[in-house]
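Subject: Structure handover

Hello,

Here is the structure I promised you. Please open it alongside this email. My notes follow below.

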Amino acid sequence: DTTVTVSPAAIGFAAVAKNRDDIVTVPAGYTATVLYRLGDPIASGVPAFANNGNDTDYARRAGDHHDGMTYFGLSASGNTPDATNSTRGLLVMNHENITQAYLHVSGATSVGGVRPEAEAQKEIECHGVSVIEVSRSAGAWSYLPTGALNRRITPNTPMVFNGPARGAAQLKTRFSADGTVGRGTINNCANGTMPWNTYLTNEENWAGYFRRASGDAAVRTAAGTPKENISLARYGITEGRTGNYGWSTVTPADTSSTLYARWNATAATTAPADGSGDFRHEPFQYGWVVEIDPFDASSVPRKRTALGRMNHEGCVIGRTIAGVRPAFYMGDDAQNEYVYKFVSSATWAAGDASSANRLAIGDKYLDAGTLYVGKLNADGSGQWLPLVFGQGPLNAGNATYPFADQADVLINTRLAADALGATRMDRPEWTAVNPATGEMYLTLTNNSSRTVATTDAANPRAYSDPRAAATNPNVSAGTTNGNANGHVIRLRESGDTSEATSFTWDIYAFGAGSDLDATNINLSGLDATNDFSSPDGLWFGLPSNVTGQTTPVLWIQTDDGAFTDQTNCMMLAAIPGVVGDGSARTITNTIGGTSATQSTRVGKAPGTALRRFLVGPRECEITGIYSTPDGKSVFVNIQHPGENGNGGSITSSWPASQSGTPTTPSRPRSATVVITKDDGGIVGL
Ligand code: FEO
Ligand code: CA
Ligand code: CA
Ligand code: CA
């Protein structure tokens, strides 16, 4: 029996008020400094960023839409890891997507439906991952444009496949006839920080980038691969799609290049039926967790197929205990998808954390193990259901999708989870593990398709938020019904071990405006100091050994369109309790004329142990957070400020506006900020 102790609230700042200003607002006594912006050069010889749509060479500049991020300490003067260094390190971050309008002089163009290669190249290279060297000197942080380990990883960067699906028939393409290699990573959302000094980047909304012409399903059926149609449909790649940004329409100057043709997943009638002659299988090469060694700029990233294929939001390792198999927690972010756990076959050996063969250590823990999907029961219990070929319905006799082998189960993770009857969640986003207790937290950002009839105890709310988009231009369409404001759920593994196949759960906090119905909607009793909507980013801070504090600060970030009549997106700090510290509740859900009761399990009201720390500029999302090991510098990403504007109508001038409103509007840029406490103390305490 493990005794869990949690210290009282130790948050040490005055809450920031909700606001719609065009700056990053932090509490009194804190400073936010802009560090790394879209377009900033990361190699010598790259011109300064003009920010007028004429810039090129984004494979050697910061990408767009900064997202998940890790700080890795560097040795004082070399290029090796030093987990104790709080003044020199590598920032590794995702560039999830683009705000297309700001990358070009006057918006995206096409001629007769064909995109210009120069524009498409910029858009592609703005996706991926950055590795940059940062340092603190005389109190001030800067990034080093010529850092030896600086690197951009893009959708064009060579990668290899590892794990059970390596070489599978569904991974074979014209680029990789044996299905063992691929090109690049895209729509990289949240991250994972491995104790052996590697970075996990996670492919989320990759499906939207692919073209799939009408008639493709018939070609696949005729080729003897009708199962592919079931799979493509389950992952949202329906027929008649152009693909985001239309990259496959490009006619490249180098006619031998397939860098654009690869975004067309339509099966060619003239190509071999195994897919090795066209790019019909390119969508199967995406939807994976990808491991990067940031300390070796020439290393080839590895796609870890054992962790399944989905809209991977993030991948977080739980507590590591010698001799115990570690767990990795993952959300599949789409409406009514699932939460997953991977348990490695290998037991943890502490010496692996200091190995110089980092990707080989990744092979050890991430290429073999068991992938599970979560089932959450009404009584607060739950099970991890194994996605193992041959167990239960995961076999060739399955009527919906006949599974051939474990590679087929992993490539079609969602279909396997459907077959097991897992719990359909309200868009699983980030996970975080409390280092003091081992409990796992998961943001469920919102779900406009949750109805009164389809609620369950773990996804219990369906209601009409009065902030109707029709009457308020600051509220996004489609955000005000269902679970409009999201919640944060948490679970405790049975026996407090990562190897457990059962758990208990409750809901830590429900998002809501403090003005909403306290009986049925604002179930966590939020007030003006901590009301929030659409939780997304989630991270337990460092360090975890502050005197008198056993639980580090839990940081919660928002990606919201429902509460934007009152405030821009935000970040909050919390000292959470433990699973089961609250009570069972029954609420009444109402949408339109339909009402029904629903039981749920609500954690203790967070009260003053949850407080708003930061509000971002206009139209941004706050996502991505990490700190130096001393906890005195916290890095936060500001994604897509001014995303609803364009070159001719600029709706935010951030980050130029951070130091005062510019005299003429400036194109907004996603950027990293670093937050420090003016007295030099630990951020948040
Ligand atoms: Fe990229 Fe689910 O957020
Ligand atoms: Ca997210
Ligand atoms: Ca989100
Ligand atoms: Ca976003």
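How many helices and strands does the protein have? There are 6 helices and 34 strands. Please keep in mind that this is a predicted model.

Overall build

Along the principal axes, the C-alpha atoms fill a box of roughly 65 × 60 × 60 Å. Of the 685 residues, 56% are buried. Look also at the contacts with a separation of 6 or more: 67% of them come from residues 24 or more positions apart.

Cores

The largest nonpolar core has 166 residues. Within this core, Leu 91 and Leu 614 touch the most other members. Strand E25 (residues 502-510) gives the most to the core, with 6 residues. What does Leu 614 touch, leaving out residues up to four places away in sequence? The list is Val 16, Val 24, Thr 25, Val 26, Met 570, Met 571, Ile 622 and Val 636. A second core is separate and has 7 residues, including Ile 98, Ala 101, Leu 103 and Cys 126.

A four-stranded sheet

One open sheet has 4 strands in the order E1-E34-E33-E32. The pairing is antiparallel. Strands E1 (30-37) and E32 (621-627) are the edges, and each pairs on one side only. On average, neighbouring strands of this sheet are turned by 25° against each other, direction ignored. E32 pairs with E33 (residues 633-639) over 5 bridges, in the antiparallel sense. One position to check is Glu 621, whose bridge partner in E33 is Gln 639.

The loop between E33 and strand E34 (671-677) holds Pro 655. The peptide bond from Trp 654 to Pro 655 is cis, with omega near 10°. As background, most peptide bonds are trans.

Around E20

Is strand E20 (residues 428-433) buried or exposed? It is largely enclosed by the rest of the structure, because 6 of its 6 residues are buried. E20 runs antiparallel to strand E21 (residues 440-444), and 4 bridges join them. Thr 431 stands opposite Leu 442 in E21. The hairpin of E20 and E21 has 6 residues between the strands, and Gly 438 there takes a positive phi near 80°.

Arg 427 sits in the loop between strand E19 (425-426) and E20. Its phi is near 65°, a positive value in a residue other than glycine. Arg 427 is buried, because 26 other C-beta atoms lie within 10 Å.

Asn 336 also deserves a look. Phi of Asn 336 is near 65°, again positive in a residue other than glycine. Asn 336 lies in strand E15 (residues 335-337). With 15 C-beta neighbours inside 10 Å, Asn 336 counts as partly exposed.

Helix H6

Helix H6 (residues 413-420) has 6 of its 8 residues buried, so H6 is largely enclosed by the rest of the structure. The buried ones are Thr 413, Arg 414, Leu 415, Ala 416, Ala 417 and Ala 419. What do the buried residues of H6 pack against? Their partners are helix H3 (227-234), strand E17 (369-376) and helix H5 (406-411). Just after H6 comes Gly 421, with a positive phi of about 75°.

Best wishes

Conventions: Residues are numbered from 1 along each chain as its sequence is written. Chains are lettered from A and ligands numbered from 1 in the order in which they are written. This is a predicted model: local features need pLDDT of at least 70, side-chain atom pairs count only at pLDDT 80 or more; totals for chains, interfaces and linings use all residues. Two strands pair if DSSP finds at least two bridges between them. Helices (H or I, at least four residues) and strands (E, at least two) are DSSP runs, numbered from the N terminus. Axes are lines fitted to C-alpha atoms, for helices over the stretch in contact, and angles run from 0 to 180 degrees between N-to-C directions. A residue is buried if 20 or more other C-beta atoms lie within 10 Å of its own, exposed if 12 or fewer, and partly exposed in between; C-beta atoms are placed from the backbone. Two residues are in contact if their C-beta atoms, placed from the backbone, lie within 7 Å. A nonpolar core is a set of buried Ala, Val, Leu, Ile, Met, Phe, Trp, Tyr and Cys residues joined through C-beta atoms within 7 Å.
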